[in-house]
Amino acid sequence: MSDFDHRVGVKEINLVTRNLKLNNVTEDNRSALMEEIDHLFGIDEASFNMEEKSIYLAYDATNINLDGIEDIIKKHGADIHNDWWTHTKEDYYKFVDRNVKDNSEHTPWSCHKSPPGAGRK
């Protein structure tokens with residue numbers, strides 16, 4: 001795949017996928033919740049499985065993070081499922097999102113590189 005296979009604002013190298021169980025999702029708030037998430041800049045794909053009460057997300061972690069998505073989920077009256085496994089995954093996802101964002105902003109450094117102005121004359 002290339003970057004052209006994704007939505008605007010999503011690069012293949014920064015793409016992450018997330019699966020989380022949710023509470024308090026009904027037919028009424030599900031469509032508004034998913035529509036708002038689907039229109040966020042950096043979201044590549046978003047879907048909700050009503051049987052399992054779980055949300056699937058694919059997004060560019062440099063443009064959006066799980067905290068912003070959780071705010072939208074809570075705004076619509078739903079919440080992240082309150083069990084050990086879901087909270088463990090949620091914390092891990094947030095850790096990885098932060099690393100992806102930090103690594104995208106990092107400028108590599110090498111000790112083998114000549115210092116500025118040390119070139120041959």
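Arg30 and Glu27 sit 3 residues apart in helix α1, about one turn of the helix. Their side chains meet in a salt bridge, with 3.3 Å from N to O. Everything described here comes from a predicted model. Arg30 itself is partly exposed, at a relative accessible area of 25%. As background, an α-helix has 3.6 residues a turn, so residues three or four places apart point the same way.

α1 is built from 12 residues and spans 17 Å from its first C-alpha to its last, close to the 16 Å expected at 1.5 Å a residue. Which residues of α1 are buried? They are Asn29, Leu33, Met34 and Ile37. Looking down the axis of α1, you would find these buried residues within an arc of 125°, so they line one face of the helix.

On the other side of α1, Asp28 and Glu35 are exposed. The buried residues of the helix, for their part, pack against β1, β2, β3 and α2.

Now for the inside of the structure. In soluble globular proteins, nonpolar side chains tend to be buried together. Here, the largest nonpolar core has 23 residues, and those touching the most other members are Leu22, Ile37, Ile55, Leu57, Tyr59, Ile69 and Ile73. At least two residues of this core come from each of β1 (15-23), α1 (27-38), β2 (43-49), β3 (54-60), α2 (66-75) and α3 (84-105). Helix α2 gives the largest share, 4 residues.

Leaving aside residues up to four places away in sequence, Ile55 touches Arg18, Asn19, Leu20, Leu22, Met34, Ile37, Ser47 and Phe48.

## Lys94 and its partners

Side chains of opposite charge can pair when their charged atoms come close. The structure holds 8 salt bridges, and Lys94 takes part in a network of them together with Asp67, Glu70 and Glu90.

Take Asp67 to begin with: its side chain and that of Lys94 meet in a salt bridge at 3.1 Å, N to O. Because Lys94 lies in helix α3 and Asp67 in helix α2, the pair ties together parts that are 27 residues apart in sequence. Lys94 also meets Glu70 in a salt bridge, at 3.4 Å from N to O. Glu70 lies in helix α2 and Lys94 in helix α3, so this pair ties together parts that are 24 residues apart in sequence.

Glu70, by contrast, is buried, with a relative accessible area of 6%.

## Aromatic pairs

How many aromatic pairs does the structure hold? There are 2 of them. In one, the rings of Trp84 and Trp85 have centres 5.9 Å apart and planes at 35°, so the pair is tilted. Trp84 is exposed, with a relative accessible area of 65%, while Trp85 counts as partly exposed at 48%.

Tyr92 and Tyr93 also form a tilted pair, because their ring planes are at 55°, with centres 6.4 Å apart. Here Tyr92 counts as exposed at 51% relative accessibility, whereas Tyr93 counts as buried at 11%.

How values were computed: Residues are numbered from 1 along each chain as its sequence is written. This is a predicted model: local features need pLDDT of at least 70, side-chain atom pairs count only at pLDDT 80 or more; totals for chains, interfaces and linings use all residues. Side-chain values use heavy atoms; hydrogens and water are left out. A nonpolar core is a set of buried Ala, Val, Leu, Ile, Met, Phe, Trp, Tyr and Cys residues joined through side-chain atoms within 4.5 Å. Buried means under 20% relative accessible area, exposed over 50%, partly exposed in between (1.4 Å probe, protein chains only). Contact means heavy atoms within 4.5 Å. A salt bridge is a side-chain nitrogen of Lys or Arg within 4 Å of a carboxyl oxygen of Asp or Glu. The expected span of a helix is 1.5 Å times one less than its number of residues. The arc is that of the directions from the helix axis to the C-beta atoms. Rings of Phe, Tyr and Trp (its six-membered ring) pair if their centres lie within 6.5 Å; planes under 30 degrees apart count as stacked, over 60 as edge-to-face and the rest as tilted.
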